[in-house]
Amino acid sequence: MATACLARTLPTAAGTTLHIAGGLLPLHSRDTEIDWKAYMAQVEGFVNGTYDYTQLQGDTGPLVYPAGFLYIFTGLFYATDRGTDIPMAQNIFAVLYLVTLVLVFLIYHQTSKVPPFVFFFMCCASYRVHSIFVLRLFNDPVAMALLFLSINLFLAQCWSWGCCCFSLAVSVKMNVLLFAPGLLFLLLTQFGFRGALPKLAICAALQVVLGLPFLLENPIGYLSRSFDLGRQFLFQWTVNWRFLPETIFLHRAFHLALLAAHLSLLLLFALYRWHRTGESILALLKDPSKRKVPPQPLTPNQIVSILFTSNFIGICFSRSLHYQFYVWYFHTLPYLLWAMPARWLTHLLRLLVLGLIELSWNTYPSTSFSSAALHLCHAVILLQLWLSPQFFPKSIQPSRKTH
């Protein structure tokens with residue numbers, strides 16, 4: 001099904017017609033890329049020997065992504081004739097789209113919670129996601145493909161390799177850090193504080209190794225540009241806060257309030273939804289063998305639900321969501337809606353929520369109504385996640401060897 005659907009999205013030369021998900025999209029060179037030329041200009045500066053991050057610029061502004069982005073897009077730079085062969089780049093991203101679907105399907109197969117008919121909507125019903133992957137050539141799909149690979153490694157109990165891939169995903173784009181609170185909780189649950197330290201060291205060490213050439217040249221410039229958590233977003237591109245006055249959208253107090261709400265909700269989920277053993281949450285710091293409650297192996301649904309919920313909470317309280325950010329959580333939405341049993345949320349209502357979310361992301365420019373509808377759908381999902389029972393095994397099950 002996925003291959004058949006994508007066959008209608010394969011790129012063609014500029015000026016031709018492109019078939020996507022059963023519809024027709026007139027494709028001209030000015031419509032196919034938004035940041036690609038800027039990416040290639042930044043990569044060209046790096047290829048020419050510029051290691052000072054403050055000097056790497058593109059048409060849309062300075063380079064604001066960590067070093068992993070540069071290395072991966074340098075490969076694309078050479079694979080596309082120094083960035084000029086956009087159809088070739090689109091073909092590469094079409095393959096990336098298929099690889100991402102395979103990785104997502106492997107995750108869903110292990111959880112066995114989502115009905116098969118939902119995968120039709122995941123593969124064929126989102127014009128926006130097809131556009132982000134195959135036409136627009138953003139770095140977001142690259143980061144998410146690496147993130148889904150890391151989750152598959154966590155499910156295989158290869159925690160060290162999973163942390164390596166997770167850190168690599170962060171090095172492409174920092175949005176992956178929204179999964180980090182959930183990952184930290186899982187590492188503490190599985191290994192305790194001392195056991196989790198080597199895994200966290202892997203994440204940190206990879207960031208240092210990837211960024212070393214730039215850290216040696218201008219450490220402050222690299223850190224301030226690639227890990228700028230306070231970067232200001234433009235109101236004209238916001239998908240989720242269009243109903244607010246621009247002055248409030250840009251106000252520092254609003255940003256701090258969102259951060260406080262984000263951290264508070266994460267803490268509430270960690271205390272009352274994720275941690276259900278009866279012990280204090282501080283018991284997670286102990287070695288698992290020394291806890292009062294015998295340690296139980298993490299099930300696939302525990303791993304996936306905690307990671308997906310962590311990311312979703314972050315998205316709900318984001319200072320701004322731009323159109324390409326849809327891929328940050330699009331492939332997790334079926335799990336969040338269907339994996340948690342809730343009698344009041346029927347299949348039809350779940351599909352309605354998916355449809356409204358898709359409509360909100362396809363409304364350009366965004367409107368007060370589309371932004372409000374998006375928040376309403378997010379609130380419904382959050383309420384379901386809070387009210388639904390979590391996946392905690394009742395008895396100890398044999399686990400595979402962890403690495």
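How many aromatic pairs does the structure hold? The count is 40, where rings of Phe, Tyr and Trp (its six-membered ring) pair if their centres lie within 6.5 Å, and planes under 30 degrees apart count as stacked, over 60 as edge-to-face and the rest as tilted.

Quick housekeeping before the examples. This is a predicted model, with local features needing pLDDT of at least 70 and side-chain atom pairs counting only at pLDDT 80 or more, while totals for chains, interfaces and linings use all residues. Residues are numbered from 1 along each chain as its sequence is written, and side-chain values use heavy atoms, with hydrogens and water left out.

Okay, back to the rings. Take Phe-269 and Trp-274: their ring centres are 6.4 Å apart and their planes sit at 50°, so that pair is tilted. Phe-269 is buried at 2% relative accessibility, and Trp-274 is buried too, at 3%. On the cut-offs, buried means under 20% relative accessible area, exposed over 50%, and partly exposed in between, with a 1.4 Å probe and protein chains only.

Then there's a stacked pair, Phe-312 with Tyr-329, at 6.1 Å centre to centre and 25° between the planes. Phe-312 is in helix 14 (residues 300–316) and Tyr-329 is in the loop between helix 14 and helix 15 (333–338), so this pair ties together parts 17 residues apart in sequence. When I say helix, I mean a DSSP run (H or I, at least four residues; strands would be E, at least two), numbered from the N terminus. Both partners here, Phe-312 and Tyr-329, are buried.

There's also an aromatic cluster, made up of Phe-46, Tyr-51, Tyr-53, Tyr-71, Phe-214, Tyr-222 and Phe-227.

Now for the surface. Which residues form a nonpolar patch there? They are Leu-267, Leu-268, Leu-271, Tyr-272, Trp-344, Leu-383, Trp-386 and Leu-387, with about 770 Å² of accessible area together. Those areas come from the Shrake-Rupley method with a 1.4 Å probe, and for residues only the protein chains shown count as cover. A patch takes residues with over 30% relative accessible area and no salt bridge, joining like charges within 9 Å and nonpolar side chains (Val, Leu, Ile, Met, Phe, Trp, Tyr) within 5 Å. Helix 13 (252–274) and helix 17 (368–387) each give at least two residues to the patch, and helix 13 has the largest share, with four.

Let's stay with Trp-386, which is in helix 17. At 31% relative accessibility, Trp-386 is partly exposed. Arg-273, over in helix 13, lies over the face of Trp-386, 5.7 Å from the ring centre. To count as sitting over a ring, NZ of Lys or CZ of Arg must be within 6 Å of the ring centre and within 35 degrees of the ring normal. The side chain of Arg-273 also has a polar atom 3.0 Å from the backbone oxygen of Trp-386, and it reaches the backbone oxygen of Ser-388 at 2.3 Å. Arg-273 itself is buried, at 10% relative accessible area.

There's another charge over a ring: the charged end of Lys-199 sits over Phe-191, 5.0 Å from the ring centre.

So what about salt bridges? A search of the whole structure finds two, taking a side-chain nitrogen of Lys or Arg within 4 Å of a carboxyl oxygen of Asp or Glu.

One is Glu-44 with Arg-82, where the closest N and O atoms are 3.6 Å apart. Glu-44 is in helix 3 (residues 36–47) and Arg-82 in the loop between helix 4 (67–79) and helix 5 (86–111), so the bridge links parts 38 residues apart in sequence. Glu-44 is partly exposed at 33%, and so is Arg-82 at 41%.

Asp-140 and Lys-173 form a salt bridge as well, with the closest N and O atoms 2.8 Å apart. Are these residues buried or exposed? Asp-140 is buried at 0%, and Lys-173 is buried at 7%.

Last stop, helix 7 (127–135). Eight of its nine residues are buried, so helix 7 is largely enclosed by the rest of the structure. Just after helix 7, Leu-137 takes a positive phi of about 60°.

Methods:
Polar contact = N/O pair within 3.5 Å; in protein donor to acceptor, adjacent residues only side chain to side chain.
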